[in-house]
Amino acid sequence: MKWANTIRAAVATLAFATGLGATTAQAAKLGYPEKEELTFGFIKLTDMAPIAIAYEKGFFEDEGLYVTIEAQANWKVLLDGVIDGRLDGAHMLAGQPIAATMGFGTQADIITPFSMDLNGNGITVSNEIWSQMKPNIARREDGLPEHPIKADALKPVVEKYRAAGKPFNMGMVFPVSTHNYELRYWLAAGGIHPGYYAPHKGDISGQIDAEALLSVTPPPQMPATLEAGTIYGYCVGEPWNQQAVFKDIGVPVVTDYEIWKNNPEKVFGITKGFAEKYPNTTVRITRALIRAAMWLDDNNNANRPEAVKILSQSHYVGADYDVIANSMTGTFEYEKGDKRAVPDFNVFFRYNATYPYYSDAIWYMTQMRRWGQIPEDRSDDWYKELAAKVYRPDIYEAAARSLIEEGLASADQFPDFATEDGFRDPQTHFIDGIVYNGHQPNAYIDKFPIGLKSGEKL
Amino acid sequence: MSTITMTPGRLLRWKPQVDGRGLLTTTVKLVALPAAGILVFLLLWSAGARNIDTSLGQFPGPLAVGEQFGALYTEHQRSREKEVAFYERQRERNARRVAEDPGYEPKIRDYTGKETFIDQIGTSLVTVMSGFLLAAMIAIPLGIAIGLSPGLNAACNPIIQVFKPVSPLAWLPLVTMVVSALYATPDPVIAKSFINSMITVTLCCLWPMVINTAVGVASIDRDLVNVSRVLRLPPLQHVRRIVLPASVPMIFTGMRLSLGVAWMVLIAAEMLAQNPGLGKFVWDEFQNGSSDSLARIMAAVIVIGFIGFLLDRSMLQLQRFFSWDKGTATH
Amino acid sequence: MSVLLDISQVGMEFPTNDGPFTALRDVNLKIRKGEFVSLIGHSGCGKSTVLNIVAGLHRATSGGVILDGREVTDPGPERAVVFQNHSLLPWLTAYENVELAVRQVFGKTRGKAEQREWIEHNLKLVHMEHAMQKRPGEISGGMKQRVGIARALAMQPKVLLMDEPFGALDALTRAHMQDSLMEIQAELNNTVIMITHDVDEAVLLSDRIVMMTNGPAATIGEVLEVDLERPRHRLELAGDPRYNRLRARVLKFLHERHGGSPRNDSTSKTSTTRAAADEPAVHEAEGVESAA
């Protein structure tokens with residue numbers, strides 16, 4: 001297969017450049033970093049934790065890397081920073097490297113050797129919407145709402161607003177963000193059309209045929225925008241859902257864990273040029289991030305309170321300790337007082353969370369195709385080739401192997417590199433019960449009642 | 001400026017009066033009234049704050065803000081300690097590396113920790129002064145040329161009139177893109193963000209300085225120009241000996257005006273472009289949405305105001321120092 | 001004595017929205033070396049324009065000025081000007097103001113010490129040696145004007161041009177200044193053109209008084225020879241009938257011109273001729289030529 005050749009070529013290039021026999025068990029000693037002073041960007045979200053931990057715990061310094069960490073205003077600024085070299089790397093939305101490589105939005109070759117976490121997002125609606133949704137939600141014996149809450153409960157509300165001529169506005173953080181796709185997935189699963197994109201016609205608003213109108217708001221501004229009444233709900237990462245509960249301005253109705261159990265979330269993005277120019281540095285960054293992720297999930301989340309303390313510092317996430325702790329320490333507060341255990345709300349290392357699976361990349365591409373961001377039909381191979389260009393398990397493997405060799409990690413903490421093909425087994429835990437098989441993206445798209453199917457074009 | 005301003009300058013000019021009653025009145029005016037004003041303000045503030053509930057909690061009163069000043073200073077000190085440790089670790093690491101890899105030339109890298117509030121104040125001040133000086137270097141010669149030449153004045157006037165009312169913030173995106181395109185060194189000595197902020201400040205300072213300088217030059221007493229003509233001063237001498245000194249009061253008025261605006265614009269630009277400085281501090285705190293955020297923002301607001309005031313006063317002192325016409329250098 | 005300065009057929013037109021405005025026409029005047037000439041006339045009669053043309057600050061639209069055999073085209077230190085409002089550079093001290101002129105004129109020909117001596121000498125001449133380090137803002141109007149004169153004298157001009165030098169001063173100071181000026185004039189014997197409003201000043205200081213008709217199209221109406229011997233003393237002259245006659249002559253001219261300001265050229269011409277015929281001591285404007 002063509003895409004497999006691409007991977008092999010990439011691995012060979014990297015192995016040559018680093019002097020690493022990445023495909024063999026015997027790896028040569030990892031060289032010193034070519035670039036030691038680095039600047040990484042992040043958005044104020046709890047899932048930037050691996051970067052903060054790698055810094056604070058000295059994992060970067062252990063690799064001989066001197067890293068400056070800078071908060072960015074929004075995802076666009078962050079991506080531009082990585083592209084123009086102001087930033088060497090950044091905490092990115094999984095869709096960003098893919099969309100950039102594909103040329104949706106800004107064209108640039110961005111790759112990712114490291115997936116930063118699983119889950120961690122939620123959908124919050126304003127108190128006003130919540131009170132209208134509530135009658136449509138089944139109750140448990142203790143009177144609390146039955147979870148997961150599907151968008152079916154929201155549909156009558158949206159219809160009422162539409163009948164009254166009021167546009168039903170919702171916020172997400174970026175056109176190619178996980179949050180956009182998750183919010184769309186959830187809405188569409190409940191029969192609410194979130195609208196199409198038509199970039200070939202110059203329409204990148206994503207509101208064609210929409211019943212709910214989605215627009216971009218930077219994460220930290222979500223609660224304020226909701227409070228102002230500009231949007232009725234939003235999908236965002238933590239702590240901005242819990243913040244709404246604390247401020248008493250909205251109610252999280254569903255977490256992404258419930259929409260798709262253990263869905264891949266942020267990635268660590270760098271330019272392809274950076275990885276080629278500084279191969280040792282790239283592997284070393286990946287090593288530091290893997291160690292940080294391990295630390296975050298160690299001993300059944302035992303380090304999480306310390307992590308929360310670090311994140312609550314004003315130059316990282318900066319929200320109050322309690323707000324961040326709410327989700328980071330294995331619970332999630334829905335309606336005020338309705339605090340439930342969600343031990344896997346933030347997963348940083350377990351379940352091979354950090355391994356950059358091709359199938360994860362392809363899932364994002366299927367959603368891009370479903371909503372028209374990829375306007376035309378593409379072959380299954382096209383999906384796989386693009387995924388192989390962007391997701392780089394070869395670098396991850398080199399980093400993981402060297403960690404194993406140095407005794408900083410054990411082999412059983414990682415996928416079996418000898419047999420791993422980069423595709424997760426078909427995944428079943430979606431809110432609408434549709435099964436995802438990364439090998440067949442086109443067949444997968446055809447399963448959705450709402451969304452473009454293969455052969456369709458706006 | 002209003003009469004309420006209490007200036008160090010006035011205190012210095014204060015002369016003890018022999019008449020006891022006069023002394024008392026002066027003391028009341030200079031010390032007691034401003035103190036009373038500040039006290040009333042603090043009372044109103046704390047009373048008002050107690051009645052404003054935001055989604056981030058109660059609006060901070062003077063006490064909460066005072067506490068945050070303390071916290072910000074403690075953070076600064078802690079950061080300095082971390083910095084010392086950082087350099088220590090780096091030295092050790094370098095020594096180890098040299099032992100393993102004798103070809104390695106150890107290099108001490110700058111501390112990678114975050115700027116503290118106090119660092120941000122420094123950054124903003126350096127930025128505003130650099131932008132301001134750059135603007136002065138462009139604006140004063142340009143203003144002199146325009147003031148001297150009616151032809152050049154006619155040519156430049158429409159451009160100046162159109163660009164003058166543009167908020168420099170509107171330039172910011174263009175500046176950012178142009179700087180990115182033109183300043184593309186792999187390892188820049190000066191940060192791009194600094195250059196962006198600086199150029200924005202420069203753009204903002206430029207127009208008031210050009211206009212004031214040009215007006216100052218154009219409105220030089222005809223007789224002084226005639227003196228120069230009778231003496232047959234060569235053009236450069238004419239500028240240096242007559243034009244420049246004659247327009248110093250107007251030039252300084254323009255400089256003071258633009259520095260005031262520049263300081264305001266810089267804070268906004270830092271907020272907008274996320275460039276290091278006090279503006280970014282305010283924005284970051286706003287984004288954090290922690291329960292201390294508002295008090296910290298308020299602390300920044302006070303510092304911003306105070307620095308703006310000090311900048312204005314320093315310009316005034318400079319103007320007094322350089323200007324022959326003491327009459328124009330009032331507040 | 002030879003003619004140093006020759007003003008011939010000078011006319012001046014200013015462009016206005018309603019077409020050209022003739023300010024001066026047919027101004028002819030020859031001045032001998034060492035002569036002190038006053039220009040007197042009502043405000044707006046173009047006295048200052050004449051002075052500025054001689055200074056080279058304005059260019060005549062017709063005719064021209066020849067100084068010492070060379071046509072005047074631009075300003076220069078050989079025609080130093082004392083301006084009405086002193087025109088000292090306010091940021092320089094009295095010494096520095098004079099220094100600026102001395103350095104410009106003698107910078108290449110005289111040494112530093114010589115220059116300093118010359119500056120001090122000129123300031124002493126106007127009795128300003130005690131305030132050399134004072135700035136214009138710190139001294140009185142009369143003192144400023146003294147410094148202005150010192151600056152002009154320091155240039156060693158061929159012609160010293162004074163534009164109402166004492167006009168802004170109070171009567172007492174003015175009298176002092178006039179006496180000083182006469183003293184200096186006795187010593188240096190400069191060629192001077194002075195504009196004045198003041199009839200007494202004109203008679204007291206001048207060798208000749210040039211009376212100008214009112215504008216527009218102003219020109220020289222009469223020229224009055226002041227044949228009072230020098231040194232002159234204001235108190236003694238006050239009782240001198242010659243002085244009073246000269247004074248009356250000037251006043252009469254000014255009064256006549258003021259009363260029926262003639263608008264057209266022909267009346268102006270006739271009145272000039274008539275005035276000339278009346279009084280033998282007064283030459284008609286053109287008549288100066290024969291006197292020279």
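This report describes chains A, B and C of a predicted model.

## Basis of the model

The structure is a prediction, in which local features need pLDDT of at least 70 and side-chain atom pairs count only at pLDDT 80 or more, while totals for chains, interfaces and linings use all residues. Residues are numbered from 1 along each chain as its sequence is written, and chains are lettered from A and ligands numbered from 1 in the order in which they are written.

The model scores ipTM 0.79 and pTM 0.73. For chain C the mean pLDDT (the predictor's confidence in each residue, from 0 to 100) is 84, and 87% of the residues of chain C reach 70 or more. Over residues 259-292 of chain C the pLDDT is below 50, and this stretch has 37 contacts in the model beyond near neighbours in sequence. Two residues are in contact if their C-beta atoms, placed from the backbone, lie within 7 Å.

## Chain C and its domains

Chain C contains ten helices and eleven strands. Both kinds of element are DSSP runs, numbered from the N terminus: helices are H or I with at least four residues, and strands are E with at least two. Of the 292 residues in chain C, 42% are buried. A residue is buried if 20 or more other C-beta atoms lie within 10 Å of its own, exposed if 12 or fewer, and partly exposed in between, with C-beta atoms placed from the backbone. Among contacts in chain C with a separation of 6 or more, 70% join residues 24 or more positions apart.

The domain assignment gives domain 1 (3-80 + 161-291) and domain 2 (85-156) of chain C; such bounds come from an automatic or database domain assignment. Eleven residues from domain 1 of chain C and twelve residues from domain 2 of chain C take part in the contact. On the side of domain 1 that touches domain 2, eight residues are nonpolar, three polar and none charged. Here Ala, Val, Leu, Ile, Met, Phe, Trp, Tyr, Cys and Pro count as nonpolar, Asp, Glu, Lys and Arg as charged, and the others, Gly among them, as polar.

## Contacts of chain B

Chain B meets chain A through 17 residues, which are in contact with 26 residues of chain A. Helix α10(B) supplies the largest share of this side of chain B, four residues. The side of chain B that touches chain A has no nonpolar, nine polar and eight charged residues.

Chain C places 16 residues in contact with 14 residues of chain B. The largest share of that side of chain C, three residues, comes from helix α2 (residues 94-106). The side of chain C that touches chain B comprises twelve nonpolar, four polar and no charged residues.

## A helix in chain B

Helix α7 (residues 192-218) of chain B has 27 residues and reaches 38 Å from its first C-alpha to its last, close to the 39 Å expected at 1.5 Å a residue. The expected span is 1.5 Å times one less than the number of residues. Because 23 of its 27 residues are buried, α7(B) is largely enclosed by the rest of the structure.

## Backbone features

Most residues other than glycine have a negative phi, and most peptide bonds are trans. The peptide bond from His147(A) to Pro148(A), however, is cis, with omega near -5°. The bond from Glu238(A) to Pro239(A) is also cis, with omega near 10°.

Asp209(A) has a positive phi near 65° and is exposed, with 11 other C-beta atoms within 10 Å. His86(C) has a positive phi of about 60°, but His86(C) is buried, with 23 other C-beta atoms within 10 Å.
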